[in-house]
Amino acid sequence: MTMAIEIKGDSVTLSKECLEEHDFSYYGRMKGDVLELSLVEAAFLIERERLDFGITLKEFFKIASSVQPDLDLKYVAYKDLRERGYYVKPSVTDFRLYPRGGRPGEGPASAYVYVLSERIYLPFVELVEKVKLTQNVRKKMLLAVVDGESDLTFYAAKTANMQGKMPQLALDLVLADATLLDDRVVIWDEHHAVQLYRAGFYGKLVDGKMLHISLLECAYLMRLGLPVEEGATSRRFTTLQFIRRAKAIEPEFAMKLDVYTDLRDRGFVVKTGFKFGSHFRAYEQIEDVDRIPHSKYLVHALPKDFIVTLPEMSRAIRLAHGVRKRMIFAYRGKKALEYLDIGRAKP
């Protein structure tokens, strides 16, 4: 009996007679007496020799790819997940993924899958919007990145509620005189230097006496009352003057200061992430500077119009994973700074 199969737009329809002859449970969706399959579902069934309407898989892809962009990428992800034993259904973000043992119609999906080529340039705001859409319906977001050899790497993306445990710094600890020398600031008084270092892990003690603090640390402490003078002239800086000087030294200073200030205000100890290729490493709590724990997060500040290149994202995440840290991307939301946590995942 010849199957009554027809390609209509971005779907494939199977007639009632076809359904009586073959079992297509958990594929497509019923519309009256016909089953409507997505193109990627149809391709998978053709490859598995469960669907035959007189053309090869190659011929089907030639027709279907002209209708649906990136069908080949979606097929790689769909095939991988189905062969792992998962049920997968088309959705607004490519696919809905059901938990292992779960089935469509018998329970909710656990995640949305967003399929991407490693070569694309992705506006960061677009990624954030998809993550928030997913979280609004209480699902996880999985990014399925297909590389040039059709291998898949999965990432989980979610918003992060960043909250540290460090108390606010006592104001009497920031009243020591400080001097700007080139691109760092020195606190000379040994007592204040040691106290400030131990109270909040600010700066680095040199010879156990002087405290070298970064431009970011200095700007933050100035807002709490730290007096700072210019080394060459002994002129006292206002906070605004100091920030202007720091921006001339470091072009990304303003963006980084916003994130540094926000994380400090949230109770984190924030140190440079230079050795790890990111802006910051963030500690939830440091009880004793003589026994500093591993930082939990690497944090990188992004401008509002940032364009994601997936190889760069992959490098950052792999490095963070290799040093047992979470990779956090900080960005300016509509009302405040927000944070996105992206890490390697296994479906």
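## A buried serine

S295 is buried, with a relative accessible area of 2%; buried means under 20% relative accessible area, exposed over 50% and partly exposed in between, computed with a 1.4 Å probe on protein chains only. This is a predicted model in which local features need pLDDT of at least 70 and side-chain atom pairs count only at pLDDT 80 or more, while totals for chains, interfaces and linings use all residues. Residues are numbered from 1 along each chain as its sequence is written, and side-chain values use heavy atoms, with hydrogens and water left out.

S295 sits in the loop between β17 and β18 (297-301). Helices (H or I, at least four residues) and strands (E, at least two) are DSSP runs numbered from the N terminus. The side chains of S295 and K325 are joined by a polar contact of 2.9 Å, that is, a pair of N or O atoms within 3.5 Å, where within protein one must be able to donate a hydrogen and the other to accept it, and residues adjacent in sequence count only if both atoms are side-chain atoms. Apart from neighbours within four places in sequence, S295 is in contact (heavy atoms within 4.5 Å) with R281, A282, Y283, R324 and K325.

## Nonpolar cores

A nonpolar core is a set of buried Ala, Val, Leu, Ile, Met, Phe, Trp, Tyr and Cys residues joined through side-chain atoms within 4.5 Å. The largest one has 48 residues, of which I187, V228, F242, V259, V299 and Y339 touch the most other members. Helix α7 (residues 215-223) gives the largest share of this core, seven residues. A second, separate core of 36 residues includes L35, A43, L73 and Y78.

Neighbours within four places in sequence aside, the contacts of V299 include M162, V259, L263, F280, A282, M327, I328 and Y339.

## Largest pocket

On a 1 Å grid over the protein atoms alone, a cavity is a set of points where a 1.4 Å probe fits but cannot get out, and a pocket is an open set with protein on both sides within 12 Å along at least five of seven lines; lining residues have an atom within 4 Å of a point. The largest pocket has a volume of about 950 Å³, the space filled by probe spheres set on grid points joined across faces, edges and corners.

Its lining has 29 residues, with R184, S214, K271, T272 and F274 nearest the centre. Among the elements that each supply at least two lining residues are α7, α9 (253-265) and β17 (280-283).
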